[in-house]
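Hi,

Here is the structure I promised to pass on.

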Amino acid sequence: PRMPTLRKFPLRCVAVALCLVANVMAGKYSREMNEAKADGGDGPTAEFRIAKLNQVWEKAKRMELSPVRQAELHSDLKIQEKDELQWKKMKVEGLDENGEKEAQLRRNFNVILAKYGMDGKRDTRTLENNSLKDHDIKEGDIFDDPRLDKLWNKAKSSGKFSSEELLSLKREFQHHKDKIHEYNILMDTVSRTEEIHKNVISPLEGEAKEHVLHQKHTDLKQKMRDLNQGFDRLRKLSHEGFTEDSEFREPRVIELWEAAKRANLSTDELDSLKEELHHFETKVEKHSHYQEQLELSHQKLQHVEALGDKEHIKRNQEKYNTLAEKTREMGYKMKKHLQDLSNKISRQGLEHNEL
């Protein structure tokens, strides 16, 4: 009978073909794994093109981060990915010979881990500040910093500000509080890596240690300078109130505009930058709007889940996922634009000072 021979032949072919496909796929898969797969991820669908960033992302999804915070982490990781891939190109071209950029990238990555509580350390950076005033916490102390709280309480009770202006002022104070926290994280990261890499014979403490680290790390020094300038501005604002001709509303944009005015730029350059900052401010406000919507969508999803209607849950989950995706995307675009503007201002300022 002819039937069995007909069946045997194709099966042998199929077996050979399957082996070939398996080998090809294995090569492709291991290549993709090296490039992108995180522990527990599923290869080709990995979120990032760098394995350690995927590992962080996978871990973050298991943590109880709020939706907005998770979206923020995602955009921070996207910026880190962009910077690391750019650095890899630089390295191939023989740039960054002294490894300065590489060290900065490593530092940035450690800062991300610390910022989102993934560095294995309990975050005591703001608690330490609080413990100083445990005995004397007043109702108005909301910024975890005695100087900020004192200034805020004074401004609030001064009667100089309308309720809308107070909201704007509070946003400025909150922004400054976030910057103090970022500075403390960077300071902590830098000093820890210094201590790990070098066998310090006489470890320095307090201000002496801070001074040494500032001399070695210009980004720390710059952040400290920004903090001082930011606090001076808050003090001035608290005493004098908002002026009619305030160009911008968003703290980050105001900060960039102040830096641009200090950078010794020509009138044309300042005008051009002002226009770009207005576009950037729209982006910042749009991003804030998406963050609020994401938070609301998450609350609604939790409410619907408690009711248990599967169809309803599915619809809300889809809406929530779309919003989360959009918020992450907006966050990345906003942070990239912020990075570009900061670089542009410091580069133009340098060029003018060298002339």
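Below is what I found when I went through it.

Keep in mind that this is a predicted model. The chain averages a pLDDT of 80, and 73% of the residues score at least 70. Over residues 24-43, though, the pLDDT is below 50; that stretch still has 23 contacts in the model beyond near neighbours in sequence. Residues 125-137 also stay under 50, with 19 contacts beyond four places in sequence.

Now the packing. The largest nonpolar core has 22 residues, and the ones touching the most other members are Leu148, Trp152, Leu169, Phe173 and Leu220. Two or more residues each come from helix 4 (100-115), helix 6 (146-156), helix 7 (163-197) and helix 9 (218-240). Helix 7 gives the largest share, nine residues. Another core, of 16 residues, lies apart from that one and includes Leu273, Leu277, Leu341 and Ile345.

Glu81 has 6% relative accessibility, which is under 20%, so it counts as buried. What does Glu81 touch, leaving out residues up to four places away in sequence? The list is Phe48, Arg49, Ile50 and Leu53. A polar atom of the Glu81 side chain lies 2.6 Å from the backbone nitrogen of Arg49.

Cheers

Definitions and conventions: Residues numbered from 1 in each chain as written. Heavy atoms only, no water. Core = buried A, V, L, I, M, F, W, Y, C linked by side-chain atoms within 4.5 Å. Buried < 20%, exposed > 50% of the residue type's maximum accessible area, 1.4 Å probe, protein only. Helix = DSSP H or I, 4+ residues; strand = E, 2+ residues; numbered from the N terminus. pLDDT = per-residue confidence, 0-100. Contact = heavy atoms within 4.5 Å. Polar contact = N/O pair within 3.5 Å; in protein donor to acceptor, adjacent residues only side chain to side chain.
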